[in-house]
Amino acid sequence: LMYPRFVEFVRRVRPAAIVATHITAANVAVSARMLTGEAFPILCVPTDYEAEGLWPHLHTDLFCVANEAMAETLRPRRVPEDRILITGIPASPAFSRDYDKTAARESFGLPAAKIVVLALAGAKLPRPYVHFREALDEILPFMHSLPNMHLVIVAGADGEYERRVGREVADLGLSNVTVLGYVNTMAELMEAADVVICKPGGLTVTECLCARAPMILLGRAYGQEKANVRMLTGAGAALAAATPRELLDTLRHISEHPASADAMLINASLLRRPHAADAIAAATFDLI
């Protein structure tokens, strides 16, 4: 339904360049360029830590990739070296700003002297988060055994989920758990946290890297998310927990050895590229 109209749109607009952050977009851009006869550059920006085989490797003018490991996967696919640029994955500049940790905790009513663990359980489409939320539900009764930790669960725009977890926290009498709804200042909340529990989506983990937030990647990962887990854990920049039991064990480990979170932060600094969007924009204008 969209494809013929997109080709006509390209023919009418005659873009100076197309930057594609999704495989489908990249492929229809290449086809539109062929059919219209226009001569604009196409830049592909994979927003995970692996470049899947369906990207249009032979017809992309520049691949902007997250790291050297991704560049290494492109070379056997006959992508010339001058068409690969290591930029990082673009994220909002808000996640790279410096915030005052004490002030951030005060603004969210969080304790100053505890290990604050932030669980990102909110999404516009809650379906992918079913197992993620179930894992959090299972560890809630055990938060009594982690008195030096404070868990913050962000429910996002899902008011029903926020109310349900709030009732569970109240019923269990947990003073070290806070439930939040939709948060406008997520970057500041990440600053208030010592560790972030999240799904291994490319943009989410990139935001954590930019915000200098050590991660626990929760859930069984598949496809691109599995590649993200493999890359981050292999670099020592994150821990992974596939089950609620593993999550609880990981939290206990961090509770007993807080320096392990600091080690993740040091390792993650090698992957952190907070100015990726600027680099991609500059590369686009160079090609134009």
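Cys64 stands opposite Leu85 in E4, and strand E3 (residues 62-65) pairs with E4 in the parallel sense over three bridges. This is a predicted model, in which local features need pLDDT of at least 70 and side-chain atom pairs count only at pLDDT 80 or more, while totals for chains, interfaces and linings use all residues. Residues are numbered from 1 along each chain as its sequence is written, and side-chain values use heavy atoms, with hydrogens and water left out. Helices (H or I, at least four residues) and strands (E, at least two) are DSSP runs, numbered from the N terminus.

**The sheet of four strands**

- Four strands form an open sheet in the order E1-E2-E3-E4, and their pairing is parallel; two strands are said to pair if DSSP finds at least two bridges between them.
- E1 and strand E4 (84-86) stand at the edges with a single partner strand each, so one side of each is left without a neighbour in the sheet.
- On average, neighbouring strands of this sheet are turned by 20 degrees against each other, direction ignored; axes are lines fitted to C-alpha atoms, for helices over the stretch in contact, and angles run from 0 to 180 degrees between N-to-C directions.
- H2 lies across E1 and strand E2 (42-44), and H2 runs at about 165 degrees to E2.
- Helix H12 (residues 276-287) also packs on the sheet, where H12 touches E1, E2, E3 and E4 and has a direction that makes about 155 degrees with that of E2; contact here means heavy atoms within 4.5 Å.

**The sheet of six strands**

- Six strands, in the order E7-E6-E5-E8-E9-E10, form an open sheet with parallel pairing.
- Strand E7 (177-180) and strand E10 (238-241) are the edge strands of this sheet, and each pairs on one side only.
- From one strand to the next, the twist averages 20 degrees.
- E9 and E10 run parallel and are joined by four bridges, and Leu217 stands opposite Ala240 in E10.
- Helix H6 (residues 159-172) lies across strand E6 (149-154) and E7, and H6 runs at about 165 degrees to E7.

**Helix pairs**

- Two packed helices are described by the angle between their axes and the distance between the axes.
- H1 and helix H2 (residues 23-36) pack at an angle of about 60 degrees, and their axes are 9 Å apart.
- That angle makes H1 oblique to H2, since angles under 35 degrees count as roughly parallel, over 145 as roughly antiparallel, 65 to 115 as roughly perpendicular and the rest as oblique.
- H1 passes H2 in a right-handed crossing; a crossing is right-handed if the near helix is turned clockwise from the far one by less than a right angle, and left-handed if anticlockwise.
- Tyr3, Phe6, Val7, Val10 and Arg11 of H1 make this contact with Val28, Ala29, Ser31, Ala32, Leu35 and Thr36 of H2.
- By class, the contact of H1 with H2 has eight nonpolar, two polar and one charged residues, where Ala, Val, Leu, Ile, Met, Phe, Trp, Tyr, Cys and Pro count as nonpolar, Asp, Glu, Lys and Arg as charged, and the others, Gly among them, as polar.
- Helix H5 (residues 130-139) and helix H10 (residues 244-256) pack at an angle of about 60 degrees, with 9 Å between their axes, and H5 and H10 are therefore oblique to each other.
- H5 passes H10 in a right-handed crossing, and the contact is made by Ala135, Leu136, Glu138 and Ile139 of H5 together with Pro244, Leu247, Leu248 and Leu251 of H10.
- The contact of H5 with H10 has seven nonpolar, no polar and one charged residues.

**Residues in loops**

- Leu110 is found in the loop between helix H4 (101-108) and strand E5 (115-120), and Leu110 is buried, with a relative accessible area of 8%; buried means under 20% relative accessible area, exposed over 50% and partly exposed in between, with a 1.4 Å probe and protein chains only.
- Not counting residues up to four places away in sequence, Leu110 touches Arg105, Val116, His150, Val152, Thr178, Leu189 and Ala192.
- Most residues other than glycine have a negative phi.
- Arg14, in the loop between helix H1 (3-13) and strand E1 (18-20), has a positive phi near 50 degrees and counts as exposed at 58% relative accessibility.
- Arg212, in the loop between helix H8 (202-210) and strand E9 (215-218), has a positive phi of about 60 degrees although it is not a glycine, and counts as partly exposed at 44% relative accessibility.
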